[in-house]
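Work through the exercises below with the coordinates open. Try each task before reading its solution.

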Amino acid sequence: MAFPKGFLWGGATAANQYEGGYRLGGKGLAVADITTGGTKDTPRRMTFSMPDGSSLEVAAGLRHEDVPKGAKGKVFDDVYYPSHNATDFYHHYKEDLALMAEMGFRCFRLSINWTRIFPNGDDEKPNEEGLQFYDDVFDEMKKYGIEPIVTICHFDMPLHLAETCDGWASRKTVGYFEKYCETIFRRYRDKVTWWMTFNEINILTDYTTLGITDSESDQAKKNQAIYHILIASAKAVRMGKRINPDFRIGMMVAGILMYPKTCNPADQLLFMEYGRNMLDFYLEVQCNGAYPAYKEKELQRLGIVLEKEPGDDELLRQGTVDYIGFSYYNSNVIGMPGEDEMTRGNQSESIRNPWLEETEWGWPIDPTGFRILLNRFYFTYKKPLMVVENGLGARDEIAEDGSINDDYRIDYLRRHIEEMEKAIELDGVEVLGYQPWGCIDLVSAGTGEMRKRYGFVYVDMDDSGKGSLERRKKKSFDWYRDVIRSGGEVR
């Protein structure tokens, strides 16, 4: 088999979609906690109170109205907020980790909830009960020989920092994040080796992920916020290496592969610009340690001068990552505006690709694109790769005999694993591990619903949060167990 000895087979989740335990154990409010449920046809919302006593809702996600200054996040009793209970890893972690161990997981990618450690983000001391929760989780993982891969910030922002600092627009937030990182690095230095700083850093663009107001209208503020996140990531890498030189600290991007619509030079130019703005800029900074010339030129054209502190340039140079983590679900097509049929996949709009089938949610299925992206990342940036999200969101039905026959998911994963094997065996790409997304069912980040499931384990819960939370194995559970046991052999 092409997969190397020690290959990290496992699965991936995020705290705000899976953990639950809202307000338990001293946890504070995050922006995710004021974000409602939804469906593919009903967008998620964020709920606020205004200084005049009125309430306000704005669309959540990458495309939303600006959050006005003075808005304070509020939780309403009659509204469903998926992050509050999610699928309740907080109370089910022993059961869930036992299921992962039964599948043979060698690793488990999870995120630490920032507001479980620092409830407001700017607290003087960390929350001991929150720290102990993750101690207990890591100890349980060690019992089964499962390696933690920890995302430090996965679409997570303390609501207090969004309201008092304008989120990542403020340099203060960098300092608070640095304190958070130092706390968990020191606490778990002997329990965690693998870390990632920010989840899908290339699609952090709005109040939901950056905690900033005016994210659409104020490009200077948005660029400053992104700069602060890149500085924070570099600080985390440099600090982590000082605390434990054996730490492996990586970055993580949304691996959105884009094809040009035609060989028209105008389409090719759009394709180049999209690749730079959506992927290459972030990879260049975190892998090579400096803003690329094309980004500097863009800022000059916009008249944007980033506010820097002495030593920042050296910090970026020193804080480069050990590996590239990325998600891959689908590819997209870009071209000059025309009478094209459009679709949406993984929070991005695309021209429909006639060569590809799509999921019920309009996400193109492109296993060959996975191999293409693996090659592009590895041979451009010369860093080992970690596939930390991949999977199929689909409706799962329980048959009369209680079985869940998700052959469509098995087919999707089989085809992608086959292309990953080709990238390793035929192309020479170095891949460290593979962690399919939502290995145990969790709430969708994009739509806030449960019916779009990814896991090998079914969780009894519906789109409104009702259900027993019973865990039930799907057909893909045994299939993935056999893949891991065989070292990557797919049938």
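Predicted model: local features only at pLDDT ≥ 70, side-chain atom pairs only at ≥ 80, totals over all residues.

## Exercise 1: Charged pairs across the chain

**Task.** How many salt bridges does the structure hold? Which parts of the chain does the pair of Glu102 and Lys473 link?

**Solution.** 
- Step 1. Take the total. There are 42 salt bridges in the structure.
- Step 2. Check the pair. Glu102 and Lys473 form a salt bridge, with their closest N and O atoms 2.6 Å apart.
- Step 3. Locate both ends. Glu102 sits in helix α2 (residues 89-103) and Lys473 in strand β17 (residues 471-473). They are 371 residues apart, so the pair links distant parts of the chain.
- Step 4. Read the accessibility. Glu102 is partly exposed at 35%. Lys473 is partly exposed too, at 38%.

**Task.** Buried or partly exposed: how does Asp280 count, and how does Arg376?

**Solution.** 
- Step 1. Confirm the contact. Arg376 and Asp280 meet through their side chains in a salt bridge of 2.8 Å, N to O.
- Step 2. Locate both ends. Arg376 belongs to helix α12 (residues 367-381) and Asp280 to helix α9 (residues 265-288), so the pair ties together parts 96 residues apart in sequence.
- Step 3. Classify them. Buried means under 20% relative accessible area. Asp280 has 12% and counts as buried. Arg376 has 27% and counts as partly exposed.
- Step 4. Look for a network. Salt bridges also link Asp396, Asp406, Arg409, Asp441, Arg453 and Lys474.

## Exercise 2: The barrel

**Solution.** 
- Step 1. Trace the order. Eight strands close the barrel as β1-β5-β6-β7-β8-β10-β14-β15, with parallel pairing.
- Step 2. Read the turn. Neighbouring strands of this sheet are turned against each other by 30° on average, direction ignored.
- Step 3. Inspect one pair. Strands β1 (residues 8-12) and β5 (residues 107-111) run parallel and are joined by three bridges. Ala12 has Arg109 as its bridge partner in β5.
- Step 4. Helix α4 (residues 128-144) lies across β5 and β6 (147-153), and runs at about 170° to β5.

## Exercise 3: A hairpin

**Task.** In which sense do β2 and β3 pair, and which residue of their hairpin takes a positive phi?

**Solution.** 
- Step 1. Read the pairing. Strands β2 (residues 45-49) and β3 (residues 55-59) are antiparallel over five bridges.
- Step 2. Find a bridge. Ser49 has Ser55 as its partner in β3.
- Step 3. Five residues lie between the strands, and Gly53 has a positive phi near 90°.

## Exercise 4: Core and rings

**Task.** Which residues touch the most other members of the largest nonpolar core? Is the ring pair of Phe177 and Phe198 stacked or tilted?

**Solution.** 
- Step 1. Start with the core. Its 146 residues include Trp168, Phe177 and Met420, which touch the most other members. Helix α8 (residues 219-243) gives the largest share, 12 residues.
- Step 2. Separate the second core. This one has 10 residues, among them Leu8, Met252, Met386 and Leu432.
- Step 3. Count ring pairs. The whole structure has 37 aromatic pairs.
- Step 4. Take Phe3 and Phe7. Their ring centres are 5.0 Å apart and their planes at 55°, so the pair is tilted. Phe3 is buried at 8%, and Phe7 is buried at 1%.
- Step 5. Take Phe177 and Phe198. Their centres are 4.8 Å apart and their planes at 20°, so this pair is stacked. Both residues are buried.
- Step 6. Ring pairs join Phe3, Phe7, Trp9, Phe105, Tyr434, Phe456, Trp479 and Tyr480 into a cluster.

Key:
Residues numbered from 1 in each chain as written. Heavy atoms only, no water. Salt bridge = Lys/Arg side-chain N within 4 Å of Asp/Glu carboxyl O. Helix = DSSP H or I, 4+ residues; strand = E, 2+ residues; numbered from the N terminus. Buried < 20%, exposed > 50% of the residue type's maximum accessible area, 1.4 Å probe, protein only. Core = buried A, V, L, I, M, F, W, Y, C linked by side-chain atoms within 4.5 Å. Pairing = 2+ DSSP bridges. Axes fitted to C-alpha atoms, helices over the stretch in contact; angles between N-to-C directions. Contact = heavy atoms within 4.5 Å. Phe/Tyr/Trp six-rings, centres within 6.5 Å; stacked < 30°, edge-to-face > 60°.
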